[in-house]
Amino acid sequence: MDQITPFTPQPTGDGSWTFFSPEFGELFHSHHGAKQEAKKKFVEPTRLAERSLKGEVSLLDICYGLGYNSASALETLWSVNPQCQVNWVGLERDKRVAETAIAHQFHANWPHPINAILPQLASTGEATTPQFTGTLHIGDARQTLASVIAQGFQADAIFLDPFSPPTCPQLWTVEFLNLVAQVLKPDGYLATYSCAVSVRTALKLVGFQIGTTSPVGRKSPGTLARFCSNDLMRLSEQEQEHLQTRAAIPYRDPTLADTAEVIRDRRKQEQQTSTLEPSSHWKKRWNYSGRGRSEDAEK
């Protein structure tokens, strides 16, 4: 991996492509399938097919990246209701990711008008069609999300798709997720690929009910959150017990400006003084063994 230059295309198991990030040491998507992950981890859990029948849907895509999650969402919405009006907001730190995806013609694999919307977003950060109005905000999501809140944007569905919590803790903290919660409609859904108990704890602390989503291409599930428990798949006993261990201590970023290192160190210190059960005891009780690379490190 060390020899891969930034944003060199990498094939995934379903025939779609992704990039490897040298900065974070992770793929942007699961190697099992980038498109498959977008549909199964984000689009289907947030019930977008049925919500399209209401005629108008608002989406927030946190960590837009190559655009697969949003493209898959639009494909689903318009395949069910071609007249569905979509209000869209995306957050992304590095504009080059979307630009490079377009340069490699990844957008060409999506149907019209999606294949026209993606290049517009990558180029100008804005796109408008008769059924779509969207803005891509570039910068640190901790700051750009604040401006989205100030504009009064409310989402039916939120895709939470940063790099893994250990490598990008800034976007998994209690404080950041508190901002995220302010954007979701009362009956909306938030979906993420992560099943990290630190993330699930943070979601609960900011007012969400949480459920599990089915594994896609690997053994670990994702997480679905909303303000009520309707339509949520109950956590298993093993997952519930994991929430009572030191591993469940969340990341914190009181000023929404700390570095990843500071955020990681703060959590480590809290874990060291915690009276919660060590996660090693939980692993032994459930005969759980890690499979090398962190489940949450593989998006």
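How many residues lie between E6 and E7 in their hairpin? There are 2 of them, and that hairpin is a handy place to start the tour. A word on ground rules before we go on. You're looking at a predicted model, where local features need pLDDT of at least 70 and side-chain atom pairs count only at pLDDT 80 or more, while totals for chains, interfaces and linings use all residues. Residues are numbered from 1 along each chain as its sequence is written, and side-chain values use heavy atoms, with hydrogens and water left out.

Here's the overall picture. The protein has 11 helices and 11 strands; helices (H or I, at least four residues) and strands (E, at least two) are DSSP runs, numbered from the N terminus. Of its 299 residues, 56% count as buried. Buried means under 20% relative accessible area, exposed means over 50%, and partly exposed is in between, using a 1.4 Å probe and protein chains only. If you take contacts between residues at least 6 apart in sequence, 69% of them join residues at least 24 apart; a contact here means heavy atoms within 4.5 Å.

Now for the sheet. Eight strands make up an open sheet with mixed pairing, in the order E6-E7-E5-E4-E8-E9-E11-E10. Two strands pair if DSSP finds at least two bridges between them. In general, strands of a sheet pair through backbone hydrogen bonds, either parallel or antiparallel. At the edges sit E6 and strand E10 (209–213), each pairing on one side only. On average, neighbouring strands of this sheet are turned by 15 degrees against each other, direction ignored.

Asp61 stands opposite Phe159 in E8. Leaving aside neighbours within four places in sequence, Asn69 is in contact with Ala38, Phe42, Val43, Asp61, Phe159 and Asp161. Asn69 counts as buried because its relative accessibility is 4%.

What lies across E5, E6 and E7? That would be H5, running at about 145 degrees to E6. Axes are lines fitted to C-alpha atoms, for helices over the stretch in contact, and angles run from 0 to 180 degrees between N-to-C directions.

H5 also has a helix partner. The axes of helix H4 (residues 95–103) and helix H5 (residues 114–124) come within 9 Å and cross at roughly 140 degrees. That makes H4 oblique to H5, since angles under 35 degrees count as roughly parallel, over 145 as roughly antiparallel, 65 to 115 as roughly perpendicular and the rest as oblique. The contact brings Lys95, Ala98, Glu99 and Ile102 in H4 up against Leu118, Pro119, Ala122 and Ser123 in H5. Sorted by type, those residues come out as 5 nonpolar, 1 polar and 2 charged. (Ala, Val, Leu, Ile, Met, Phe, Trp, Tyr, Cys and Pro count as nonpolar, Asp, Glu, Lys and Arg as charged, and the others, Gly among them, as polar.)

Zoom in on Ala122 in helix H5. With a relative accessible area of 3%, Ala122 is buried. Apart from neighbours within four places in sequence, Ala122 is in contact with Lys95, Ala98, Glu99 and Ile102. The C-alpha atoms of Ala122 and Arg96 are separated by 8.2 Å, although the two are 26 residues apart along the chain.

Most residues other than glycine have a negative phi, and most peptide bonds are trans. The loop between H4 and H5 holds Gln105, a non-glycine with a positive phi of about 65 degrees. Gln105 is partly exposed, at 47% relative accessible area. Pro113 lies in the loop between H4 and H5 too, and a cis peptide bond with omega of about 5 degrees joins His112 to Pro113. Elsewhere, Leu256 has a positive phi near 55 degrees. Leu256 sits in the loop between helix H9 (237–242) and helix H10 (260–272) and is buried, with a relative accessible area of 17%.
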